[in-house]
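Thanks for coming, everyone. Please bring up the model, and I will walk you through a few of its contacts.

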Amino acid sequence: MRYNQYAYVETAPAKQVEELLSINFLPANYQDLSFSSLLAVLTGNVLAEATTRQAKEAKFIEYAVSPSETLAQFLAKQPAAMTAAEFYDVALQLLGYHPGYDYSLTDPIAVVKKQALPSSKDLENKDDLISAFYRLLNTRAKNGQTLLDVMAGKGYFTQFWGEGQFKFFNGKSLPVFDTSKVIREVVYVESDLDTDEDGQNDLLPVTVFRPAESQDQLKVPALYTASPYFGGIIDNAAQNHSVDENLTDATTWTNPKYVAKPMKPAPKPTDEDVPATEVALGKSSYALNEYLLARGFASVFSGAIGNRHGDGLRITGAPEETISQKEVIEWLTGDRVAYTDRTRRFETKASWCTGNIGMTGRSYLGTLQIAIATTGVKGLKTVVSEAAISSWYDYYREHGLVVAPGECQGEDLDKLAEVCQSNLWDGGNFTAKTAYEKEQKYLEEAQDRATGQYSDFWEARNYRHHADGIKCSWISVHGLNDWNVKPKNVYKIWQKVKELPVESHLFLHQGPHYNMNNLVSIDFTDLMNLWFVHELLGIENNARKQWPKVLIQDNLEADKWHEEKDWANMGQETVYGLTDDHELSTLSQGSKQETFTDLGGKEFKEAGISETAWEYQFISGEEKWAKASLRFTSDEFAHPVTIVGRPKVHIKVAASKPVGQLSVALVELGERKRLTPTPKVLERSCQEFGFRFGAGPLQEFVPDKATKAKLITKAHMNLQNYQDMHRPSKLEAGQFVDLVFELQPTYYTMPAGSKLVLIIYSTDQGMTKRPLVAEDYTIDLADSELLFYKK
């Protein structure tokens with residue numbers, strides 16, 4: 001497995017020496033030391049768990065420099081040089097590798113090359129030795145972190161605790177802040193909103209974790225995570241909407257409206273600044289924040305409206321959410337009032353903050369980054385938005401249909417609002433309870449599960465329409481196999497952001513709804529350290545040019561990342577016709593009309609299997625499920641081909657009823673070992689955030705047991721939207737209509753020997769409604785085709 005490293009910044013020798021001296025790794029008298037003495041000092045400094053020079057040197061007998069010599073024996077000879085093999089025999093052990101198990105002492109360079117670790121030539125003098133150790137400290141260890149971070153976990157940087165200043169190494173911030181004295185406090189920001197309509201502006205609880213040194217020694221930037229889940233999660237999955245119901249005539253659509261909540265400007269902040277009086281009991285919910293807190297970045301969390309201990313209502317995706325979360329940033333920059341408690345008597349300020357704000361978070365937490373960024377709020381310098389929704393319609397709907405997020409059948413805006421309405425747990429908040437019940441009725445009606453159509457209600461929840469307001473730099477991260485927040489969400493916002501005059505990057509990994517900050521194959525955490533140092537501290541460290549615009553993880557080899565300039569419909573356009581022999585062909589087109597019968601959810605419910613199990617059996621072609629579909633298969637691919645962007649289908653179809661839903665899936669067919677659907681945990685709690693400050697796992701996608709097929713992408717469409725995606729039309733039973741729609745975007749390599757299958761079906765048991773009655777669908781092959789772009 002290659003330990004790819006994008007975050008290492010090439011550094012001139014003089015700068016290397018300067019940085020090594022600044023962290024007391026290179027002794028001040030290094031020029032007076034012999035090669036062997038300097039080797040002993042530098043090696044000992046890596047062994048931070050040993051706290052005296054004698055203890056460090058005593059450990060040298062544990063390290064081998066060759067198959068027959070210990071480091072202690074080697075140093076006793078007072079060598080004036082060192083071969084590359086000798087150096088890497090020791091270096092690999094310092095990086096956590098075990099000789100005889102992970103590599104051979106006779107050939108350490110072999111594993112260096114296998115793991116894609118940086119290598120050095122023979123060390124002929126002290127300059128070579130210093131340079132080799134500088135690079136070694138910045139090399140990823142077996143646990144995935146740099147050796148410098150491994151040393152931090154052993155306490156190396158506690159020598160700098162209390163100094164009250166940032167330290168940087170290779171362009172990244174170091175954990176020199178005292179994590180045993182983190183300040184943990186809660187303040188209450190006054191909103192301009194009155195979402196519970198009690199006549200008072202809503203108070204928004206904000207939790208702050210910041211270095212103790214920020215109290216009176218220096219100001220620090222803040223990483224803000226807008227988390228509706230921070231106050232707690234109400235588990236209401238058992239009350240999700242039933243999807244076992246027949247389709248409704250979509251022409252009953254009434255275009256439900258978004259209704260804004262009352263607003264009244266909050267008082268302007270005065271000069272008063274009373275220290276916070278409430279200790280934060282909540283804990284950080286995001287590992288990257290903890291890692292960076294140890295490196296001097298304050299970590300701020302707020303669920304804003306509707307969250308525990310605060311006022312207001314959760315109104316999923318509505319502009320009020322955006323406004324309330326933005327107001328937290330306004331407090332951080334000194335432009336909004338906050339109080340020490342709910343009495344609103346004493347003001348408190350973020351006087352510890354530089355006013356430079358970055359945002360982090362995944363899923364809903366990433367979604368709100370997009371929302372806030374579109375406001376152009378002052379102080380927001382950058383966002384790192386993971387697995388984020390860019391349009392709530394694209395989360396809960398698709399092409400005129402109710403389409404659930406993966407593994408969330410029956411969930412909708414109203415149910416998610418309840419999940420996050422944690423102030424319902426505040427027994428005395430009767431105002432919230434009364435207002436919540438009213439709001440739930442409105443949300444349930446306005447979201448319009450009957451027709452699934454786009455409306456003014458959903459339009460207000462489409463952040464992409466406000467993308468031109470984005471002023472901050474931008475990083476998007478998304479899983480290509482994320483069927484919760486489907487890839488269309490990141491694809492569509494990316495098409496807009498990449499055209500803006502802001503710095504932007506995109507990461508696409510092979511996961512579902514996952515983070516990527518602890519994968520073996522990429523040093524994402526180090527990249528984010530580099531990024532935030534540049535964006536929030538203004539340090540010139542080459543962050544904006546350090547890695548390619550777009551990095552995409554390969555679906556065949558997890559440790560391979562494709563470097564691209566963009567993610568769009570790129571490459572050669574390819575059109576496949578659907579033949580009478582159920583083949584995909586670039587040379588011929590069918591002439592028949594083929595019919596399949598959709599049974600809704602009847603057989604699925606009788607089978608008693610999970611939606612995930614159904615999908616695998618379905619795409620694999622098991623007859624029980626395949627009979628309710630039409631399948632068209634390509635020839636085997638002679639060479640690997642990569643499908644890029646959004647495949648499109650044109651399907652001429654008629655349904656036996658005046659309503660209908662059509663689904664299509666692209667599948668790679670062929671039995672082989674594919675990557676695990678989720679990263680495999682290789683080692684738990686091995687990546688220390690700082691010294692005794694929590695830890696995360698090391699994980700990666702690895703080859704799994706052989707499977708018959710793999711879903712590449714899919715899509716769904718309401719037959720009644722054949723004329724307009726935003727407005728339904730009347731449909732007669734038996735009427736042929738032309739459906740033209742795009743599938744979810746992808747970047748997928750078909751290996752040689754595999755086949756591509758287009759499946760046309762109706763009910764998707766895991767995502768669409770599951771009708772109670774059967775319906776026939778007839779496809780006119782002469783007017784149906786598949787188009788995609790390939791590399």
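First, a definition: buried means under 20% relative accessible area, exposed means over 50%, and partly exposed lies in between, with a 1.4 Å probe and protein chains only. Now the ground rules. This is a predicted model, where local features need pLDDT of at least 70, side-chain atom pairs count only at pLDDT 80 or more, and totals for chains, interfaces and linings use all residues. Residues are numbered from 1 along each chain as its sequence is written, and side-chain values use heavy atoms, with hydrogens and water left out.

Let's start with salt bridges. By that I mean a side-chain nitrogen of Lys or Arg within 4 Å of a carboxyl oxygen of Asp or Glu. The count comes to 42 salt bridges.

Look at K498 and D566. Their side chains form a salt bridge, 2.6 Å from N to O. K498 sits in the loop between α16 (488–497) and β16 (504–509), and D566 in the loop between β18 (561–564) and β19 (572–578), so the pair ties together parts 68 residues apart in sequence. Helices here are DSSP runs of H or I, at least four residues, and strands are runs of E, at least two, numbered from the N terminus. Are these two residues buried or exposed? K498 and D566 are both buried.

Next, R544 and E535. This salt bridge is 3.0 Å, N to O. R544 is partly exposed at 33% relative accessible area. E535 is buried, at 10%.

Now R770 and E611. Their closest N and O atoms are 3.7 Å apart in a salt bridge. R770 lies in the loop between β30 (755–761) and β31 (775–790), while E611 belongs to helix α19 (residues 611–620), 159 residues away. R770 is buried at 9%. E611 is partly exposed at 24%.

There is also a network. Salt bridges link D192, K326, E327, E330 and R336.

On to helix packing. Helix α2 (residues 35–46) and helix α7 (residues 126–137) have axes that come within 10 Å and cross at roughly 10 degrees. Axes are lines fitted to C-alpha atoms over the stretch in contact, and angles run from 0 to 180 degrees between N-to-C directions. Angles under 35 degrees count as roughly parallel, so α2 is roughly parallel to α7. Contact means heavy atoms within 4.5 Å. Among the residues making it are F35 and L38 of α2, and L129 and F133 of α7.

Technical notes: Parallel < 35°, antiparallel > 145°, perpendicular 65-115°, else oblique.
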